[in-house]
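Subject: Structure handover

Hello,

Please find the structure below. My notes on it come after.

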Amino acid sequence: MRWVNRQNFMLLFMTNERKEFINMKIVDKEVNIRGSSVGDSTWIRLGSTVENTFVGNHVFIGFNCLIYNAKIMNHVQIASNTQIGNANGDQVLIESAVWLGAGVRIKAGVTIGEGSVIGAETYVENNIEPYSVVVGNPGKVIKSRDCVKDSFPVFNETLEIASYQEKMGRGIHRNTEGNYITADINAESDYKIGTGNILIGKNTSGGGITIGNNVSIGDKNIFEGFGSITLGDNVCMGNGNHILSNGHDYTKLSMPRTSLPVVIDNNVFIGDNVTILGGLTIPRNTRIDSNMLVIQGKNREIKLIRKEGI
């Protein structure tokens, strides 16, 4: 028996338990898996559906993904709100070491080549050659991915931490208000929040969520606070939005996670179905209409792109 220090808390594992992590998998509550097989060292997050699909080893599937009739090879990372294939279409093939960004949509019958990176909110309707970087709607290859071939992405340590949290009763679950909150939240005062929201991120990893005065958050939003999310005073947010405060280093095949804090300043209005990528500061008095992708523009200014026209 030995103690292993992980992010300021102690994990207690028997030697044989540590070996089991090599073959473990985590499927969050409220995940629907039908007619599918799921490989080892894989994590499928809350609200996702996986149907008639093969999922390989070392695969991460984020929140609220819809995956139908697909073959997902090893070491693939799929961000939240991604949609792959459809129930009646040809099989989608996602080759090894692929990254699919938040809100990506993959048309039935498409093959995504090994090592490719698909940017957030991209719609892919044609086959993609290996080690391509793709963005837009429709998706276009903007360059080849020239990366250090260090190692394929793996999630063993992340799975260890998540499993420990679950055993200690601190895993993700629906609270009495109908939200799913595991984040460390520092709130200046009471704030309004609807239902079906997912808030994650811990201070121990440099993340967490800070909320100012007179803040209102609607329904079914996702706050991924790995790199910290700050909401200023008088922020009003609608429904179905997604804020990411982390990214990945695509110059390495292993795609290590990076911290990209998001700051939303005072008096900001955000509509519905808005995706805010990491590393942004949204200036005070900004209005972001519904169905927008918010990215870094020139001179560190934000750039708003309507999702239908990416």
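Predicted model: local features only at pLDDT ≥ 70, side-chain atom pairs only at ≥ 80, totals over all residues.

Residues are numbered from 1 along each chain as its sequence is written, and side-chain values use heavy atoms, leaving out hydrogens and water.

The chain has 2 helices and 40 strands (DSSP runs, H or I of at least four residues for helices and E of at least two for strands, numbered from the N terminus). Its C-alpha trace spans about 50 × 45 × 35 Å along the principal axes. Of the 310 residues, 50% count as buried (under 20% relative accessible area, 1.4 Å probe, protein chains only).

Strand E36 (residues 275–276) pairs with strand E39 (residues 292–296) in the parallel sense over 2 bridges; pairing requires at least two DSSP bridges between the strands. Ile-276 stands opposite Val-294 in E39. E39 and strand E40 (residues 302–306) run antiparallel, joined by 5 bridges, and Ile-295 has Lys-303 in E40 as its bridge partner. These two strands, E39 and E40, form a hairpin with 5 residues between them, and Asn-299 in the turn has a positive phi of about 55°.

Asn-241 sits in the loop between strand E30 (236–237) and strand E31 (242–244). Asn-241 is buried, at a relative accessible area of 2%, and its side chain reaches the backbone oxygen of Gly-271 at 2.9 Å.

Regards

Definitions and conventions:
Polar contact = N/O pair within 3.5 Å; in protein donor to acceptor, adjacent residues only side chain to side chain.
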